[in-house]
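Here's a quick tour of one model, starting with a single residue and then moving out to a sheet and its helices.

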Amino acid sequence: MSIEVQVAVAKVNKWAMRESGDTFEMVERPHGGLSLVLVDGQSHGAGAKTISNIVARKAVSLLGEGVRDGAAARAAHDYLYTARHGKVSATLNMVSVDLVTHTLVISRNTHCPVLVVQQDNVRVLDDPSEAIGIRMRTRPNIYELPIAPCLTIVAFTDGLLDAGVRKGQSFAILSLTRELCSQSLDAQRISDELLDAAVRLDQGRPNDDISVLVVATREHVQHDPTRRMSVRFPIE
């Protein structure tokens, strides 16, 4: 039995904002595998987009050169801290599929948890973590998991975490994620369902930029070595 790795992102801008302050990037690792980078820049709109682009570009350039995840996260922090004199922050999530160590490497610089679901077990990665760009010696929280079938990793920006708050509601992210994973849905369906639920809680007008990154491993029974990637986004 082989394993298929699925990657999906669903994201939406804050209501009435033309630019999202969230940036997602993906890069192939030089010794095999992929690294996925999700950044939420401070504030909203074009200024936040500039910040998240700076961080994402620095991280993917280093990961693509073979720099280890923790070092790439620290370098992205140092770069933002130096460029903006410690006055601007960004949250940073990275998930790498490392085919050398045959592991999934998760890096967090954010107050948002990362959810890891395997069968009926849900692990919440929520150790105290700081955004990058403000304090000099900020380090990421690093977690490493063996690649195994039926594993789902969900990372997101704080627009998902805070969905519904201004309407006096809270988003039961944990229970919904558990329910979706129990149905063995693919990564794109999980990310879409989580995003849709958050937008509904904000009554169709997202109170913040929302991005959901899902990395899932599924059993791959068909012998097909082809790698595929697709992107869809509307232009208004």
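## Around D209

Skip the neighbours within four places in sequence, and D209 is in contact (heavy atoms within 4.5 Å) with V12, N13, K14, E19, S20, G21, D22, H44, T157 and G159. This is a predicted model, where local features need pLDDT of at least 70, side-chain atom pairs count only at pLDDT 80 or more, and totals for chains, interfaces and linings use all residues. Residues are numbered from 1 along each chain as its sequence is written, and side-chain values use heavy atoms, leaving out hydrogens and water.

D209 sits in the loop between α5 (187–201) and β10 (210–220); helices (H or I, at least four residues) and strands (E, at least two) are DSSP runs numbered from the N terminus. Its side chain reaches two backbone nitrogens: that of G21 at 2.8 Å and that of K14 at 2.9 Å.

## The open sheet

Five strands line up as β2-β3-β4-β5-β8 in an open sheet with antiparallel pairing (strands pair if DSSP finds at least two bridges between them). Because β2 (22–28) and β8 (141–146) stand at the edges with a single partner strand each, one side of each has no neighbour in the sheet.

Within the sheet, β4 (residues 90–98) and β5 (residues 103–109) pair in the antiparallel sense over 7 bridges. V95 stands opposite I106 in β5.

Methods. A polar contact is a pair of N or O atoms within 3.5 Å; within protein, one must be able to donate a hydrogen and the other to accept it, and residues adjacent in sequence count only if both atoms are side-chain atoms.
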